[in-house]
Amino acid sequence: MGDAQETITVAELSDGPPIGQTPDQSVELPVVEILTGRGFVTGKSGGGKSNTASVIIEKLLDGGYPVMIVDIDGEYYGLKEEYEILHVGGDEECDIQVTVDHAEKIASLALEKNVPIILDVSSFLDEDEAGELLTAVSKRLFAKEKKLKQPFLMLVEEVHEWIPEKGSVGECGKMLIKIGKRGRKHGLGMVGISQRPADVKKDFITQCDWLVWHRLTWNNDTKVVSRILDNEYAEAVEDLNDGEAFMMNDWSESIQRVQFHRKKTFDAGATPGLDDVERPDLKSVSSDLVSELEEISEEEKRTEDRIEELRTQLDEKNSRIAELEKELQDARDMSRMADQFVDALLDTVKGVNPGRTEQERMRQKRRLAAGEDGADGAESAQVQQETAAAGDGGTVVDSTAEPRSGGEPPTAEANDAEAATADANDAEAPTADAGDDETADATMGQQVATDFFDGPAGDPDRNGTDESADDGDVAAAMAAVGGQGDVIDGESGATFSFDAEDPWPGEIPEERREVVEGLRRAVEAMPGKTRGMLRYYRKEGPAKPLDAHFAGGGDGDRTKAYAHNRTLRTHGFIEHAGRGYYAYRLADLIEEEAGGEFEAEELNALVTAVEDAFVK
């Protein structure tokens with residue numbers, strides 16, 4: 001900075017209404033007030049506001065004082081005709097192209113190295129990018145000035161675009177308002193330039209220490225003059241000559257009509273005419289200053305290249321992930337198809353559903369034992385004998401089958417070949433391993449439940465419909481699986497007691513009691529996880545055995561799940577619904593066991609009575 005100047009001369013007094021004053025008298029401005037204060041220069045296009053701003057800047061540069069010009073229209077580069085000033089912006093017309101990453105260095109050059117700077121945001125096509133750069137630079141200047149306390153002026157063109165009277169103020173406007181309110185105490189001054197005072201936030205205008213009003217003609221703008229100066233100035237401001245203005249300031253506490261000097265540097269903001277205008281030779285700045293900014297640009301370029309490289313790698317990895325996800329989905333689809341294929345095989349082996357085959361066979365045995373379907377005593381006795389043989393590991397013989405050729409009666413193996421084939425291919429009935437307690441319990445539960453359906457071996461009634469059966473037969477059936485009036489849970493060892501007189505809630509017709517009784521005791525004889533699976537099917541509807549097993553307290557093991565599932569399926573509590581799903585069918589089972597259809601109310605009562613055995 002050169003020799004300190006206390007004032008700068010920028011204009012002469014003008015003789016004109018409404019104030020009588022001595023013309024041609026020099027008008028001086030105090031340097032410190034200009035550098036650290038808040039100013040506002042306004043006037044319509046062609047009225048001289050940009051010329052006034054340039055004159056003030058030239059006088060400050062002549063004195064070696066630091067300034068920064070925020071050029072929104074690209075009209076201040078003409079200052080380089082006389083001054084070594086750094087021109088930064090977004091295109092090749094500038095000394096160097098800058099971004100937000102240069103904000104710290106720009107502020108450092110301006111304040112610490114006293115380098116005058118034109119921050120040309122007119123060359124940014126993206127307004128948001130320009131706003132981000134101005135915000136970043138303003139923040140750095142404010143932060144540094146809090147420590148340096150060095151008088152510094154920032155001149156902002158078209159200030160109404162950053163701090164508008166109407167509409168929201170963005171981050172950039174908030175920062176400029178902050179500088180206007182608090183910058184003075186740190187030495188950071190600001191001058192706002194606008195051709196539309198009505199569009200500038202009034203909080204900013206009213207806080208300014210000095211104001212310059214060039215010619216204004218729009219009614220909204222002259223109203224602002226009337227509010228801040230007076231009505232007589234609002235009328236006179238419309239007739240001001242080019243470069244003429246009303247100037248008011250806090251240090252003189254007066255309003256002066258002045259004629260500003262003409263700027264001496266190239267007027268890059270002049271309206272183009274028909275005459276050719278040669279662009280003058282512009283002073284270049286020190287290569288050292290440019291190199292400091294270039295280092296940042298090079299580092300930024302390296303960073304951008306690295307980011308691009310990482311993006312490419314990320315795209316490649318995402319592409320590979322997509323391929324792997326597709327392969328995984330294909331594998332899942334294949335697995336799903338395999339499961340569906342296995343389920344289809346299980347359901348269609350020789351056109352027979354194994355679970356339903358055993359269910360129908362047990363139902364037929366019960367009916368024959370009870371003398372139904374026209375079966376006589378001999379047939380009933382024969383079925384009892386066959387059942388007893390099956391219970392000992394033998395094969396049930398279908399006495400109704402056609403004899404073989406040659407008059408030979410059908411053998412047990414021939415009559416039961418279909419059931420044997422189904423059982424051999426039924427993946428849902430795995431053999432219990434010696435060490436697999438849960439699978440063994442499920443198998444035992446299946447046998448115990450079967451005993452409840454069919455009655456103790458040797459009992460001529462075998463839980464049939466013979467009316468001569470009494471509570472003693474029921475007690476005998478229960479005794480066969482764990483004690484008089486008790487049933488032992490094959491999984492947990494818990495003992496369940498039953499009241500033979502009334503083991504269910506509500507009123508159940510006498511003729512339906514045996515059906516309900518048999519189904520309840522069959523359920524309660526099952527292992528806890530089997531009952532849990534039945535509760536899950538009842539609540540959720542069609543589901544897969546693995547899900548039901550897990551919900552029933554199991555660990556989701558496939559072998560165990562299907563062992564428990566087979567018990568439910570064999571006795572008709574569930575049925576295969578397709579695609580590996582099984583559905584709850586207690587209502588259908590009750591109608592089948594009772595041998596008829598019911599009214600909805602009666603059927604619901606029977607279902608409720610049975611469900612009371614496992615829905616706790």
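**A walk through the predicted chain**

Among contacts in the protein chain between residues at least 6 apart in sequence, 67% join residues at least 24 apart. The model is predicted. Its protein chain has 616 residues, and 46% of them count as buried. The secondary structure comes to 21 helices and 16 strands.

Start with helix α1, which spans residues 31-36 and includes Thr 36. Thr 36 has a relative accessible area of 9%, so this residue counts as buried. A polar atom of its side chain lies 2.6 Å from the backbone oxygen of Val 32. Leave out residues up to four places away in sequence, and Thr 36 still touches Pro 151, Arg 184, Gly 187, Leu 188 and Gly 189.

Next come the cysteines. How many disulfides does the structure hold? It holds zero. In general, a disulfide is a covalent bond between the sulfur atoms of two cysteines. Cys 94 is buried, because its relative accessible area of 8% is under the 20% limit. Cys 208 is buried as well, with a relative accessible area of 7%.

Helix α3 covers residues 103-112 and is mostly covered, with seven of its 10 residues buried. Which residues of α3 are buried? They are Ala 103, Ile 106, Ala 107, Ser 108, Leu 109, Ala 110 and Leu 111. An α-helix has 3.6 residues a turn, so residues three or four places apart point the same way. In α3, the buried set includes the run from Ile 106 to Leu 111. After α3 comes Asn 114, with a positive phi near 55 degrees.

Backbone angles deserve a stop here. Most residues other than glycine have a negative phi. Lys 149 has a positive phi, near 55 degrees. Its place is the loop between α4 (127-148) and β8 (152-156). Lys 149 is at 45% relative accessibility, so it counts as partly exposed. Glu 158 also has a positive value of phi, near 50 degrees. This residue sits in the loop between β8 and α5 (171-182). Is Glu 158 buried or exposed? At 8% relative accessibility, Glu 158 counts as buried.

Helix α6 spans residues 202-206 and contains Asp 203. Asp 203 is partly exposed, because its relative accessibility is 45%, between the limits of 20% and 50%. Along the chain, Asp 203 and Glu 165 are 38 residues apart. Their C-alpha atoms are separated by 8.8 Å.

Move on to helix α7, residues 219-228, where Asp 221 lies. Asp 221 has 1% relative accessibility and therefore counts as buried. What does its side chain meet in a polar contact of 2.9 Å? The partner is the side chain of Arg 196.

Strand β12 runs over residues 254-260 and includes Ser 254. Ser 254 has a relative accessible area of 26%, so it is partly exposed. Its side chain makes a polar contact of 3.0 Å with the side chain of Ser 252. Not counting residues up to four places away in sequence, Ser 254 touches Met 247, Met 248 and Asn 249.

The last stop is a helix pair. Two packed helices are described by the angle between their axes and the distance between the axes. Here the pair is helix α16 (residues 510-524) and helix α21 (residues 600-611). Their axes come within 9 Å and cross at roughly 35 degrees. The crossing of α16 and α21 is right-handed. Which residues of α16 and α21 meet? From α16 come Arg 512, Val 516, Leu 519 and Arg 520. From α21 come Glu 602, Leu 606, Ala 609 and Val 610. The residues of this contact divide into five nonpolar, no polar and three charged.

Methods:
Residues are numbered from 1 along each chain as its sequence is written. This is a predicted model: local features need pLDDT of at least 70, side-chain atom pairs count only at pLDDT 80 or more; totals for chains, interfaces and linings use all residues. Side-chain values use heavy atoms; hydrogens and water are left out. Axes are lines fitted to C-alpha atoms, for helices over the stretch in contact, and angles run from 0 to 180 degrees between N-to-C directions. Helices (H or I, at least four residues) and strands (E, at least two) are DSSP runs, numbered from the N terminus. A crossing is left-handed if the near helix is turned anticlockwise from the far one by less than a right angle, and right-handed if clockwise. Contact means heavy atoms within 4.5 Å. Ala, Val, Leu, Ile, Met, Phe, Trp, Tyr, Cys and Pro count as nonpolar, Asp, Glu, Lys and Arg as charged, and the others, Gly among them, as polar. Buried means under 20% relative accessible area, exposed over 50%, partly exposed in between (1.4 Å probe, protein chains only). A polar contact is a pair of N or O atoms within 3.5 Å; within protein, one must be able to donate a hydrogen and the other to accept it, and residues adjacent in sequence count only if both atoms are side-chain atoms. A disulfide is a pair of cysteine sulfur atoms within 2.5 Å.
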